[in-house]
Amino acid sequence: MDSNADARLDRQLSFIGQLDRLKGVVRMTSLMDGSRRENSAEHSWHLAVMAPLLAEHAPDAVDVSRVVMMLAIHDVVEIDAGDTFAFDKTANLDKEERERAAADHLYGLLPEDQGSALRRLWDEFEEGQTPDARFAVALDRFQGLLQNYANGGGTWFEHGVTRERVLERMAPIEKGAPGLWAIVLRVLDEVMASD
């Protein structure tokens, strides 16, 4: 191997090593069986599997392979920035700044072509404007809804989150995966009625 190939592989392995740290980032939402809180790597894997399964509920033709990759890498920034609970207003004040710095660092570990490609995919997810990104964001929100539903309101009740705040958080599902919107409304009606 030449020295350029060695340096490229070193950078790829450095990034892969950092990815392992995502397994240690604990999220607020519990697993569906309520046994423990999930970690960010489990969350990303779950979403990546959901994408091809639920692709028929996307409004536009989406590139499922792009969506899967987007979902696989969308929370890599949490390695440096940590997970920010969606309903914590204070923690969300500097979330964008923390995550952008983390994206600069982590995607910067890779060879330029790969790092730039993943960073563009992450930026696309964050902006949520393309059909692929809207679907990916919808799935990200939908998974949390399913987990809280399975746990009888879970973190929503634990943190006093109102139906209105949950509905606001779930709003991207209506546009990104409209076939799932009726489920969102049904789940919210059922869970909030039990409070």
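Select Arg-27 and Glu-38 to begin: both residues are buried. This is a predicted model. The two side chains meet in a salt bridge, with 2.9 Å from N to O. Show the strands as well, and the pair is seen to link distant parts of the chain, since Arg-27 belongs to strand S1 and Glu-38 to strand S2, 11 residues apart.

**Helix H2**

Next, select residues 40-54, which form helix H2. From first C-alpha to last, these 15 residues reach 21 Å, close to the 21 Å expected at 1.5 Å a residue. At the N-terminal end, display Asn-39, which caps the helix. A side-chain oxygen of Asn-39 lies 2.9 Å from the backbone nitrogen of Ala-41.

Now colour H2 by burial. Ser-40, His-43, Ser-44, Leu-47, Ala-48, Met-50, Ala-51 and Leu-54 are buried. These residues sit on the same side of H2 because they cover an arc of only 165° around the axis. Turn to the other side of H2, where Trp-45 and Leu-53 are exposed.

What covers the buried residues of H2? Among the covering elements are strands S1 (26-30) and S2 (37-39), together with helices H3 (64-73), H4 (78-81) and H8 (131-150).

**The nonpolar core**

Select the largest nonpolar core, which has 50 residues. Tyr-107, Phe-135, Leu-139 and Trp-156 have the most contacts inside this core. The elements that give two or more residues to the core are H2, H3, H4, H6 (95-107), H7 (112-127), H8, H10 (163-176) and H11 (181-193). Which of them gives the largest share? That is H8, with eight residues.

Centre the view on Leu-139. Leaving aside residues up to four places away in sequence, Leu-139 touches Leu-47, Met-50, Ala-51, Leu-54, Leu-71 and Leu-180.

The whole structure has 17 salt bridges. In general, side chains of opposite charge can pair when their charged atoms come close. Select Asp-104 and Arg-119, whose side chains meet in a salt bridge at 2.4 Å, N to O. This pair also links distant parts of the chain: Asp-104 is in helix H6 and Arg-119 in helix H7, 15 residues apart.

Is Arg-119 buried or exposed? Arg-119 is buried because its relative accessible area is 18%, and the cut-off for buried is under 20%.

Asp-123 forms a salt bridge with Arg-119, the closest N and O atoms being 3.1 Å apart. Both residues lie in helix H7, four residues apart, about one turn of the helix. Asp-123 is buried, as is Arg-119.

**Tyr-149**

Finish at Tyr-149, which is in helix H8. Tyr-149 counts as partly exposed because its relative accessible area is 32%, and that class runs between 20% and 50%. Leaving aside residues up to four places away in sequence, Tyr-149 touches Val-187, Glu-190 and Val-191.

Keep Tyr-149 and Glu-190 on screen. They are 41 residues apart in sequence and 8.6 Å apart in space, C-alpha to C-alpha. Their side chains make a polar contact at 2.6 Å.

Key:
Residues are numbered from 1 along each chain as its sequence is written. This is a predicted model: local features need pLDDT of at least 70, side-chain atom pairs count only at pLDDT 80 or more; totals for chains, interfaces and linings use all residues. Side-chain values use heavy atoms; hydrogens and water are left out. The expected span of a helix is 1.5 Å times one less than its number of residues. Buried means under 20% relative accessible area, exposed over 50%, partly exposed in between (1.4 Å probe, protein chains only). The arc is that of the directions from the helix axis to the C-beta atoms. Contact means heavy atoms within 4.5 Å. A polar contact is a pair of N or O atoms within 3.5 Å; within protein, one must be able to donate a hydrogen and the other to accept it, and residues adjacent in sequence count only if both atoms are side-chain atoms. A nonpolar core is a set of buried Ala, Val, Leu, Ile, Met, Phe, Trp, Tyr and Cys residues joined through side-chain atoms within 4.5 Å. A salt bridge is a side-chain nitrogen of Lys or Arg within 4 Å of a carboxyl oxygen of Asp or Glu.
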